[in-house]
Amino acid sequence: MRRLLPRVFFALALPLVLVAVWWAASDGSTNPFWPPLRTILKTFPDVWTGDRLRTDVLPSVWRLAAGYALAAVAGIALGTVIGSYRRVRAVCEPVLEFLRAIPPPVLVPVIMLFAGIGDTMKIVVIASGCVWPVLLNTVEGVRAVDPVMLETARSYGITGVARLRKLVLRSASPQIFAGLRQALSIGIILMVISEMFAASGGIGFTIVQFQRSFAIPDMWTGILVLGLLGFLLSVVFQLVERRVLAWYHGLRASTRRSP
């Protein structure tokens, strides 16, 4: 309990300070594009009702989850192959550097030509941007596996799937999760961008509709929803990461305690 209270305090201190600064800075504002925070908070429950959460927020979260999962599977699978074989890496590296340099939002019109304007397009856009941090971090994580451990596993006859699952992926998992964390923030951005193109629902679509109709406080409430969604997804990701990488965090803690 004594350890929990300081952690909660430090986690909430900066957000509370920022909210207080925002409240003070916007209080009394007459700028229609910069409404007071109290007006935004008063408008929030009227805008984001249960029906709107069901019709706009849940579809956005589903598209994000589908695109993120697709990118995670593809990035880890391809990154493991590329990182394990030097010749494959030499062949793929120039192409990967070329494709990585293309901003995913630029590909939205191209993807629309092949995938249409439905959910498939939005999922592909999210996956096309999320895959790169997962792929590149997986490649580097697999390449960094201790060669002594690889030789030891080979000498004990640990090969194939067992070697991949128990040694390679386990050793690379901290770096893989670093890529997954980066991909999550990219996925939220691309979720909003994809919903601004030929969409009929979603958080991004709703924010644009509020902006076009000059419902500025409503638009700000949508921005708050995006911030809260990103915060909740980050908390869920940290819980999963700590559970999956419990051995890694325990190893780091024991290393710090050792003289």
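1. The model is predicted, so local features need pLDDT of at least 70 and side-chain atom pairs count only at pLDDT 80 or more, while totals for chains, interfaces and linings use all residues. Residues are numbered from 1 along each chain as its sequence is written, and side-chain values use heavy atoms, with hydrogens and water left out.

2. The protein has 11 helices and zero strands, where helices (H or I, at least four residues) and strands (E, at least two) are DSSP runs numbered from the N terminus. Along its principal axes, the C-alpha trace spans about 75 × 55 × 30 Å.

3. Of the 259 residues, 36% are buried, a term that stands for under 20% relative accessible area (1.4 Å probe, protein chains only). Where contacts (heavy atoms within 4.5 Å) join residues at least 6 apart in sequence, 73% of them link residues at least 24 apart.

4. The accessible surface comes to about 16000 Å², and carbon and sulfur atoms account for 69% of that area; such areas come from the Shrake-Rupley method with a 1.4 Å probe.

5. Leu 14, Val 17, Leu 18 and Val 21 make a nonpolar surface patch of about 380 Å², a patch being built from residues with over 30% relative accessible area and no salt bridge, with nonpolar side chains (Val, Leu, Ile, Met, Phe, Trp, Tyr) joined within 5 Å. Leu 18 belongs to helix α1 (residues 4–26), and Leu 18 counts as exposed because its relative accessibility is 51%, the cut-off for exposed being over 50%.

Definitions and conventions
Patch = residues over 30% accessible without salt bridge, like charges linked within 9 Å, V, L, I, M, F, W, Y side chains within 5 Å. Salt bridge = Lys/Arg side-chain N within 4 Å of Asp/Glu carboxyl O.
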